[in-house]
Amino acid sequence: MLLHLRRILAGLLALVAVGVAVLPDGSTVDVLVAARDLAPGVPLGADDVRVVAVPPSLSPAGAVASADASGRSLVSAARSGEPLTDARLSPVDPGVSSVAVHLADAGVVGLLRPGSRVDVVGAGSEVLAADASVVAVRDGEVVVISAERAAAHRLAAETLAGPVALILR
């Protein structure tokens with residue numbers, strides 16, 4: 001009888017230990033998440049994001065605080081409820097602008113992803129922007145490029161005259 005009582009007590013203590021190990025400690029951290037499906041390249045506004053309290057173990061590395069996302073844009077699409085991290089947001093740099101360009105070779109689009117680094121070359125073999133970042137890929141032949149402001153102006157002017165080529169880095 002005493003042996004059965006010890007086994008039952010040991011089983012109960014084991015269940016309590018598992019329960020204590022599994023239950024969260026109640027602490028939370030605020031994580032910024034997409035309030036709806038978001039497209040890349042569009043500056044984030046207050047209606048695009050919301051703050052959610054999650055246990056620290058569920059907070060991804062580089063999770064963004066709400067103040068860090070204002071006016072920034074995503075480098076790739078995000079689904080509703082998806083946590084936003086520093087790696088998903090474009091850099092905050094007032095000297096950088098984004099511009100949509102038409103590509104001379106539509107086949108290159110399949111090789112591009114938001115965040116890809118490229119050199120942009122015009123019709124006269126002139127490098128219009130070096131080490132630019134792809135922000136978004138649209139409709140097969142249009143790519144949104146983020147580059148230093150002067151280079152973005154050159155890209156905009158050149159793409160009015162005709163398509164440009166990209167060199168993948």
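Author: In this predicted model the chain has a mean pLDDT of 82, with 89% of its residues at 70 or more, pLDDT being the predictor's confidence in each residue, from 0 to 100. Residues are numbered from 1 along each chain as its sequence is written. Because the model is predicted, local features need pLDDT of at least 70 and side-chain atom pairs count only at pLDDT 80 or more, while totals for chains, interfaces and linings use all residues, and side-chain values use heavy atoms, with hydrogens and water left out.

Among the elements of the chain, strand β4 (residues 117-121) has the highest mean pLDDT, 92; helices (H or I, at least four residues) and strands (E, at least two) are DSSP runs numbered from the N terminus. Strand β4 runs antiparallel to strand β5 (residues 127-138), joined to β5 by four bridges, and two strands pair if DSSP finds at least two bridges between them. V121 has V127 in β5 as its bridge partner, and the hairpin of β4 and β5 has five residues between the strands, with S125 in the turn showing a positive phi of about 65 degrees.

R117 and D131 form a salt bridge, their closest N and O atoms being 3.1 Å apart, where the term means a side-chain nitrogen of Lys or Arg within 4 Å of a carboxyl oxygen of Asp or Glu. Since R117 lies in strand β4 and D131 in strand β5, the pair ties together parts that are 14 residues apart in sequence.
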